[in-house]
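Thanks for asking me to look through this one with you. Below are my notes as numbered points, to be read with the structure open beside them.

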Amino acid sequence: MTSFTLRWGIISTGWIAEQVVSDLLVDPTTRDTNDVVHKVTAVGSRSVDKAQKFINEFVNGDKTVKAYGTYDEVYADKNVDAIYIGTPHTYHYTNALDALKAKKHVLCEKPVTCNAAELRSLIATAKENGVFFMEALWTRFQPLAKEVKELIDSGTLGLPVVVHADFSVDFGIDKLPLTHRMLDPKLGGGAILDLGPYPLIWTILALYEHPANKRTKPSNITGTMYKTPITGVDCNTSYIVTFSPNSSTGSTLAAQAVLSCSMNVASHNPGVTVRFEKGTIMIDAPVPCPLRYTVQYFKEGKPGEIAREDTRTFEYVGSGWHFQADEVARCIRDGKLESELWSHDKSILEMEVFDEVRRQGGYKFPDGIEKVLL
């Protein structure tokens with residue numbers, strides 16, 4: 001089989017771009033991938049020097065990679081097939097819109113936008129230009145997530161009933177500069193947009209994607225926030241997402257997800273617990289990229305009494321970002337405009353949940369931050 005090579009342009013040279021690019025350069029055969037290969041051909045930053053420094057440090061100093069001091073030059077480069085956007089999320093809409101209008105395929109870091117309206121605008125633009133577009137929610141493409149998904153859908157454990165998931169990081173916010181991405185409202189700071197996608201991805205995988213749910217949207221979303229007095233962004237957020245049977249869609253799933261994210265405390269273990277009629281799946285922290293999960297099977301007719309327990313552990317070369325890149329390459333190779341694993345409707349649901357939680361929590365961004373409003 002001849003491998004398909006996807007040529008990447010990288011937008012922004014921050015920490016997240018460092019991680020993604022480092023994984024792009026991992027030999028794909030180390031993860032039993034033989035059909036796609038990744039090549040970085042251009043890097044855009046605020047200056048040519050910054051872009052070149054990034055190339056020297058993270059692209060092995062490859063002399064064939066173009067260093068650009070503007071993003072527009074990356075979008076215009078004919079040797080770039082796809083754009084990876086790793087800027088702060090309040091810039092995602094503008095950066096992605098410019099790339100899509102230049103007819104480049106786009107992988108945009110999570111959260112894909114600041115609100116659902118911006119996302120719908122980007123999806124429409126991608127379709128108008130006939131290019132692939134996806135949010136970079138890397139967790140969904142990792143081997144552990146795929147295996148857990150197969151187990152859930154197999155019905156061995158019965159229907160899911162309750163999901164508990166948390167992703168928290170202690171950023172030491174009392175010592176951060178007010179311009180830090182976690183504190184600055186102008187950068188969409190706070191826990192919900194930066195950390196919230198990770199508890200929610202497991203909810204979407206276990207409940208929204210469940211065959212019994214028929215892709216039915218939640219019947220209820222309830223959220224509450226504690227906003228730090230430092231800058232007014234959410235410091236601790238908890239939200240409940242409820243799925244109910246729906247005769248119009250044919251859904252028979254009745255389940256709830258109890259989710260939380262905080263930026264002033266560390267995560268706990270397990271990071272995700274999915275409770276079923278006939279057992280429990282416990283997924284180790286950190287929930288963005290877990291490497292171990294345990295399944296408890298209940299004794300027949302005795303809910304809660306454990307008959308047996310199985311644990312699965314994963315390892316691979318790299319940090320887990322390359323799996324989403326492989327999906328992008330395969331979709332583009334096959335002429336697809338979206339991924340089936342992380343399709344547009346799932347990103348829309350994510351942003352709709354966050355819009356509602358922010359509304360209930362009274363967290364509004366400064367004027368002009370959201371480029372498209374409902």
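1. Let me begin with a proline. Pro111 sits in the loop that runs between strand 5 and helix 5. The peptide bond that joins Lys110 to Pro111 is cis, with omega at about -20°. Please keep in mind throughout that this is a predicted model.

2. There is another cis peptide bond to look at, the one from Ala285 to Pro286, where omega is near 0°. Pro286 also belongs to a loop, here between strand 12 (279-283) and strand 13 (292-299).

3. Next, the helix pair that I would display on your screen. Two packed helices are described by the angle between their axes and the distance between the axes. For helix 4 (residues 92-101) and helix 5 (residues 116-129), the axes come within 9 Å and cross at roughly 10°. Angles under 35 degrees count as roughly parallel, and helix 4 and helix 5 are therefore roughly parallel to each other.

4. Which residues of helix 4 and helix 5 meet? On the helix 4 side they are Tyr93, Ala96, Leu97, Leu100 and Lys101. Helix 5 brings Glu118, Ser121, Leu122, Thr125, Ala126 and Asn129 to the contact. By type, the residues of this contact divide into six nonpolar, three polar and two charged. As a reminder for reading such lists, an α-helix has 3.6 residues a turn, so residues three or four places apart point the same way.

5. Is helix 4 enclosed or open? Seven of its 10 residues are buried, so helix 4 is largely enclosed by the rest of the structure. The buried ones are His92, Tyr93, Asn95, Ala96, Leu97, Ala99 and Leu100. Their cover includes helix 3 (71-76), strand 4 (82-85), strand 5 (105-109), helix 5 and strand 6 (133-136). Just after helix 4, Lys103 takes a positive phi of about 65°.

6. Thr90 counts as buried because its relative accessibility is 6%, and the cut-off for buried is under 20%. Leaving aside neighbours within four places in sequence, Thr90 is in contact with Cys114, Lys186, Leu187, Gly188, Ile369 and Lys371. With Lys186 there is also a polar pairing to inspect: a polar atom of the Thr90 side chain lies 3.3 Å from the backbone oxygen of Lys186.

7. Beyond its neighbours within four places in sequence, Arg181 is in contact with Phe171, Leu187, Gly189, Gly190 and Asp194. The side chains of Arg181 and Asp194 are joined by a polar contact of 2.5 Å. For a sense of scale, Arg181 and Ala206 are 25 residues apart along the chain, and their C-alpha atoms are separated by 30 Å.

8. Cys261 is in none, and the nearest cysteine sulfur, that of Cys235, is 10.0 Å away. A disulfide would need the two sulfur atoms within 2.5 Å. Cys261 itself is buried, at 0% relative accessibility. Cys331 has its closest cysteine sulfur in Cys108, and at 16 Å that is too far for a bond. Cys331 is buried as well, with a relative accessible area of 3%.

9. Finally, two backbone points in loops. Asn60 is not a glycine, yet its phi is positive, at about 55°. You will find Asn60 in the loop between helix 2 (48-58) and strand 3 (66-68), where it counts as exposed at 69% relative accessibility. Arg215, another residue other than glycine, has a positive phi near 55°. Arg215 lies in the loop between helix 8 (197-208) and strand 8 (220-227), and it counts as partly exposed at 38% relative accessibility.

Note on methods:
Residues numbered from 1 in each chain as written. Predicted model: local features only at pLDDT ≥ 70, side-chain atom pairs only at ≥ 80, totals over all residues. Heavy atoms only, no water. Buried < 20%, exposed > 50% of the residue type's maximum accessible area, 1.4 Å probe, protein only. Axes fitted to C-alpha atoms, helices over the stretch in contact; angles between N-to-C directions. Helix = DSSP H or I, 4+ residues; strand = E, 2+ residues; numbered from the N terminus. Parallel < 35°, antiparallel > 145°, perpendicular 65-115°, else oblique. Contact = heavy atoms within 4.5 Å. Nonpolar A, V, L, I, M, F, W, Y, C, P; charged D, E, K, R; others polar. Polar contact = N/O pair within 3.5 Å; in protein donor to acceptor, adjacent residues only side chain to side chain.
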